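Please consult the sequence and the structure shown below while reading.

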Amino acid sequence: MSTEAPRLIRSIRLLDAAEDRIKTQFTAPPPPEKSLNTQALLELAKAFQPFAVVVTNNAPLKGKDVEALPECVKLVSTVSVGLDHLDLPALHARGIAVSNTPNVLTDCNADLSMMLILAACRRAAEYYTLMKKGWHRGMGMGGMLGHRVTGKRLGIVGMGRIGQAVAKRARGFDMTILYHNRSRLSAAEEAGATYFEKLEDMLPHCDVLTLHMPGSPSAPPLMNSQTFSLLPKGSVFVNAARGSLVDEDALIEALESGHLFGAGLDVYRQEPNPNPRLTALPNIFMTPHAGSATIETRTAMCMLALDNVEALAKGLPMPSPVTV
């Protein structure tokens, strides 16, 4: 293999620790002042002729975008777990390797999911709005009551790394854990959770439902009018997975009708411009797709993306390759 530092471009400025590493271990242009869109990234690739392209979902590479990558590109390393923004078959067909950044996000995504559960159950958005406008009045014994989280039944859809980490945190609140997954976990992984082979069988037993599975814009939403109707009246819905999993019109209807008590959302079908009907609802606690948004996790993601570039350039196995 060549001893020359691998040539690299990125679609966005990485965190400082990663940028410092790029200066010492890679040959790269200065970081972009603002994130590059796909066209700007392709123009830079043609001009700089990199070995690897580091991207986020701000610069999707699909179809003709993949065809436009110069022959020198051997790796697309995405600083994300999700791959919705990449055309994997097209990239692999061209012999371009793909890597992502799993595992390092697990704890922070689980932390945020618990925050959404607590905030939706305890009406955090409404309390915050009230305080910002000025309290000015007594609440009374029945004023703005939320739901106790402790002891409730938590349904988890998708019991992978993040789902299991959420279950671990929820047990600290003495929640009863139910889950639906493509396959049943081992007894050790279940840790006392109850498995439901069919989602429809689990939903009527959930005080809180949280999603932790991949999504696809081309697939029908998992949560629609029918599945929302199966949840008990007054239940809470949380989604920190993918916006494509939810029919947002059905969610809005369930919230407006009172069938759902509240919702906690970190992801949306239209990002970064969520449906204004959603944002107008008082009983939703919303965050801007920020599950991994901590210094520790984002730094680890950036470093893992660079680890993949370094490994492939040295002819070594990548720590987190993506296969078709």
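Which side chain meets that of Arg21 in a salt bridge? The partner is Asp307, with an N to O distance of 2.8 Å. This pair connects distant parts of the chain, since Asp307 belongs to helix α13 (residues 295–313) and Arg21 to helix α1 (residues 16–25), 286 residues apart. The model is a predicted one. Arg21 counts as buried because its relative accessibility, 11%, is under 20%. Asp307, in turn, is partly exposed, with a relative accessible area of 30%.

Arg21 and Asp307 also belong to a network, joined with Glu310 and Lys314 through salt bridges that share partners. Across the whole structure, a search finds 13 salt bridges. Three of them are set out below.

| Salt bridge | N to O distance |
|---|---|
| Asp307 and Arg21 | 2.8 Å |
| Arg153 and Asp207 | 3.1 Å |
| Arg13 and Asp16 | 3.8 Å |

The salt bridge between Arg153 and Asp207 likewise links distant parts of the chain: Arg153 lies in strand β5 (residues 153–157), and Asp207 in the loop between α9 (199–202) and β8 (208–211), 54 residues apart. Arg153 is partly exposed at 30% relative accessibility, and Asp207 is partly exposed at 21%.

In the salt bridge of Arg13 with Asp16, the closest N and O atoms are 3.8 Å apart. Arg13 has a relative accessibility of 45% and counts as partly exposed. Asp16 counts as exposed because its relative accessibility, 52%, is over 50%.

Conventions
Residues numbered from 1 in each chain as written. Predicted model: local features only at pLDDT ≥ 70, side-chain atom pairs only at ≥ 80, totals over all residues. Heavy atoms only, no water. Salt bridge = Lys/Arg side-chain N within 4 Å of Asp/Glu carboxyl O. Buried < 20%, exposed > 50% of the residue type's maximum accessible area, 1.4 Å probe, protein only. Helix = DSSP H or I, 4+ residues; strand = E, 2+ residues; numbered from the N terminus.
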